[in-house]
Amino acid sequence: MSHVLHRSLTHTYPTAVAGDGPYLIDRDGRRYLDASGGAAVSCLGHSDQEVIAAVRRQIGTLAYAHTSFFTTEVMEELADFLIARAPAGLESVYFVSGGSEAVETALKLARQYFVEIGQPGRRHVIARRQSYHGNTLGALAAGGNEWRRQQFQPLLIEVSHVSPCYAYREQRADESDEHFTTRLAQELEAEILRLGADEVMAFVAEPVVGATLGAVAAVPGYFRKIREVCDRHGVLLILDEVMCGMGRTGSLFAAEQEGITADLITIAKGLGAGYQPIGATLLSGRIRDAIAQGSGFFQHGHTYIGHATACAAALAVQKAVEQRGLLERVVRQGDRLHTRLVERLGQHPNVGDIRGRGLFRGIELVTDRAGKTPFAPELKVHARFKKQAMAEGLMCYPMGGTLDGQRGDHILLAPPFIIDDGHVEEIVEKLSLTLDAVLTSL
């Protein structure tokens, strides 16, 4: 019996022993094409020698120095690299160990900002239904994933949740994109006014919704209207790019494709590509300056913030993405993947929607295309799909509860940026075989 408290105590996991580009290899020699990057993490695959060498060099020089005593050259260089490429107005970086910590940091920065500028009454957070922002208590409260929130509800701070920009399910047939996005912006504004415009501190949203909805991009113009509503009421905009950022959708920051900036942006996953645990919160100059000119101290911290080895890995990853032209490859191979998915599965009677951007794609499964009817939750189609895909040698990221936390199934794809045409064909072929096998078993 394993002494590890695994995620599932009823499942037996294969043992991974090696990586080879976009493949993982178990101890029996089986190869699995990682079409989800784990959880949209492994953007460079599993055996990048330049990144491995950078980690070794850093450990050989300085593995770790606590940030209450020192800064390090590699942390400063990584911050400079990110800010030079970040959306306008973002001027500082706070490094943490993962996405949940990054979101917690953003929430605390938002709160402390308003305390520092003399608006301590601002305390409310608004987010969106069917979102996911992490598993620490603050991040879980902000998220709208009902299945993850349910048993911990008594421990969570109160957060309001408005509608997501989920056109496939929530845009009316007679509603133009303009009217749809206006309606959603008005809903946010109404919630701000209901709570009290001088009591709302932040609105949190994923530019492209990841695990909970399955690569749902916003309708064009939505985030510009959301930005206007936030600005009108002095509310900070927090964009959670933990899953969709760092090149995953074809630009380094997903916000670039929305034509906006944010007051705070959270990143992780593709930042370090899995070679070390790392995340970060980027903040605007006005937030940093308010703290610097006020108390002069951000009242927050973790033991491993700014970890030197993690920063070295992330810097090597980001330089590789830039120097190898991988963002262009994400766009090219993402378009190819989408085209092949549509060609192979676009008319399948149980495929309702194929969506996403770059190498961040989602497939929503239904019992019939016309009615968009979800499978019964007790069938656990998503769980069957994951198990069967692994048997086919394919790693993907199926989830249930797409509609409301209970009903609906989708598959998320987030393969490494290094995949070639052959890998795209392998993904599509194995997805098709898996879908056929799962439907036959129902």
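I call a residue buried when its relative accessible area is under 20%, exposed when over 50%, and partly exposed in between (1.4 Å probe, protein chains only).

**Ground rules.** I am reading a predicted model, where local features need pLDDT of at least 70, side-chain atom pairs count only at pLDDT 80 or more, and totals for chains, interfaces and linings use all residues. I number residues from 1 along each chain as its sequence is written, and side-chain values use heavy atoms, with hydrogens and water left out.

**Entry 1, the fold.** I started with a tally of the chain: 14 helices and 17 strands. Here helices (H or I, at least four residues) and strands (E, at least two) are DSSP runs, numbered from the N terminus. Next I looked up the radius of gyration, which is 21 Å and close to the 22 Å from the globule rule for 442 residues, so the chain is as compact as a globular protein of that length. That radius is taken over C-alpha atoms, and the rule is 2.2 Å times the number of residues to the power 0.38. Along the principal axes, I found that the C-alpha trace spans about 65 × 60 × 45 Å.

I then turned to contacts (heavy atoms within 4.5 Å). Of those between residues at least 6 apart in sequence, 72% join residues at least 24 apart.

I looked up 45 positive and 52 negative charges, whose mean positions are 3 Å apart. Lys and Arg count as positive and Asp and Glu as negative, while His and the chain ends are not counted.

**Entry 4, rings.** My search of the whole structure gave 4 aromatic pairs. Rings of Phe, Tyr and Trp (its six-membered ring) pair if their centres lie within 6.5 Å; planes under 30 degrees apart are stacked, over 60 edge-to-face, and the rest tilted. One of the pairs is Y113 with F114: the ring centres are 5.0 Å apart and the planes at 65°, so I list it as edge-to-face. Y113 is buried at 7% relative accessible area, and F114 is buried at 2%.

A215 sits in the loop between β8 (208-209) and β9 (216-217). Its phi is near 60°, a positive value in a residue other than glycine, and A215 is buried at 0% relative accessible area. I also visited K380, in the loop between β14 (360-365) and α13 (381-391). K380 is not a glycine, yet has a positive phi of about 50°.

Key. Charge placed at Lys NZ, Arg CZ, Asp CG, Glu CD.
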